[in-house]
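Please find below a colleague's note for someone who is meeting this structure for the first time. The points are meant to be read beside the sequence and the 3D view.

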Amino acid sequence: GSDKRQKEAIVKARKLFSSAAYVERDELTREIAQKYLLVIALGGDGHFEYVSQFIDRRYVLGINSDYRKSEGALTTNSASDLENIFDRLLRDDFSIEPWTRIKVVIDGKEFAEQAICEIMISERDRYDMSRHILKHKGISEEQKCSGILISTGAGSTGWVKSESHYLPWETFPRTNREARFAVTAPYNGRILKDYKLLMGSIKEGEELEVVSLSDNDACVRIGAKRVPIREGARIKVSLGSPLNVVRFEDAKVLKPSQVGEKHG
């Protein structure tokens with residue numbers, strides 16, 4: 001089964017990368033991740049997303065531990081190819097692709113975690129209606145919906161694409177320095193036609209501001225992290241620092257020596 005294949009992949013990887021430190025998911029911290037130039041996330045897309053939140057100015061390689069059952073949208077490298085992956089790393093036969101991330105500031109506090117795929121602002125129980133004021137590019141409007149999704153290019157093929165089927169949503173590259181937002185399941189009454197901010201784009205130097213009007217159990221989901229918010233909370237969303245992802249595909253991406261030049 002899936003668990004067996006994942007365990008087999010871990011055993012095989014630990015033998016190949018015998019000189020590397022092995023850290024269980026629950027033991028990983030930002031301090032540990034920052035000690036190493038390369039962090040390898042062995043698991044599915046959710047695990048890669050989780051690990052990426054601990055990485056800053058380092059490289060990350062995602063390896064799909066169960067290629068039969070996991071989609072592998074983010075972890076395009078398969079555990080079935082571990083020997084080849086190990087060999088190419090030793091020969092520096094890879095490139096670095098800078099994926100855009102999203103950062104969040106809530107009531108003046110910036111969170112260290114940055115989202116590689118999406119941020120969701122909603123009630124914790126999405127059966128409850130979310131109420132907020134949305135502000136973007138000089139427009140401010142009060143809305144009722146099931147929540148707001150803000151997506152990077154890496155997340156544009158997933159959750160937000162399914163949720164925004166009523167909008168002309170388009171996927172976009174992971175390296176685009178932009179994020180896009182979509183209001184999900186807006187209140188479908190007479191006021192819907194007046195909404196001007198059902199979707200939009202956040203570019204470099206711009207931000208999306210959300211003022212929560214919900215008096216229930218609202219929260220902001222930053223990747224794998226959930227942050228409770230109070231009524232009146234101000235959430236500001238903008239572009240974060242890139243995540244430097246190791247890639248083996250032939251593509252127009254940066255070489256390791258160029259990462260510092262491009263992104264400091």
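**Note on selected local features**

1. α1 passes α4 in a right-handed crossing, a crossing being right-handed if the near helix is turned clockwise from the far one by less than a right angle, and left-handed if anticlockwise. This is a predicted model, in which local features need pLDDT of at least 70 and side-chain atom pairs count only at pLDDT 80 or more, while totals for chains, interfaces and linings use all residues. Residues are numbered from 1 along each chain as its sequence is written, and side-chain values use heavy atoms, with hydrogens and water left out. Helices (H or I, at least four residues) and strands (E, at least two) are DSSP runs numbered from the N terminus.

2. The two helices of that crossing, α1 (residues 2-16) and α4 (residues 82-90), pack at an angle of about 30°, and their axes are 10 Å apart. Axes here are lines fitted to C-alpha atoms, for helices over the stretch in contact, and angles run from 0 to 180 degrees between N-to-C directions. α1 and α4 are therefore roughly parallel to each other, a label given to angles under 35 degrees, with over 145 counting as roughly antiparallel, 65 to 115 as roughly perpendicular and the rest as oblique.

3. Where the helices meet, A9, K12, A13 and L16 of α1 are in contact with L82, E83 and F86 of α4, contact meaning heavy atoms within 4.5 Å. The residues of this contact comprise five nonpolar, no polar and two charged; Ala, Val, Leu, Ile, Met, Phe, Trp, Tyr, Cys and Pro count as nonpolar, Asp, Glu, Lys and Arg as charged, and the others, Gly among them, as polar.

4. The structure holds three aromatic pairs, and F17 with F86 forms an edge-to-face pair, 5.1 Å centre to centre with 90° between the planes. Rings of Phe, Tyr and Trp (its six-membered ring) pair if their centres lie within 6.5 Å, and planes under 30 degrees apart count as stacked, over 60 as edge-to-face and the rest as tilted. F17 lies in the loop between α1 and α2 (30-33) and F86 in helix α4, so the pair ties together parts that are 69 residues apart in sequence. F17 counts as buried at 15% relative accessibility, whereas F86 is partly exposed at 23%; buried means under 20% relative accessible area, exposed over 50%, and partly exposed in between (1.4 Å probe, protein chains only).

5. How many of the eight residues of helix α3 (residues 45-52) are buried? Seven are, so that the helix is mostly covered, and these are D45, H47, F48, E49, Y50, V51 and S52. The buried residues of α3 pack against β1 (38-43), β2 (59-64), β4 (95-99), β7 (118-123) and β17 (243-247).

6. S201, in strand β12 (residues 199-203), counts as buried at 17% relative accessibility. Its contacts, leaving aside neighbours within four places in sequence, include E178, R180 and F181, and S201 and E178, although 23 residues apart in sequence, are 6.7 Å apart in space, C-alpha to C-alpha.

7. R57 has a positive phi of about 60° although it is not a glycine; R57 sits in the loop between α3 and β2 and is exposed, with a relative accessible area of 53%. D107 has a positive phi of about 50° and is likewise not a glycine; D107 is in the loop between β5 (102-106) and β6 (109-110) and is partly exposed at 39%.
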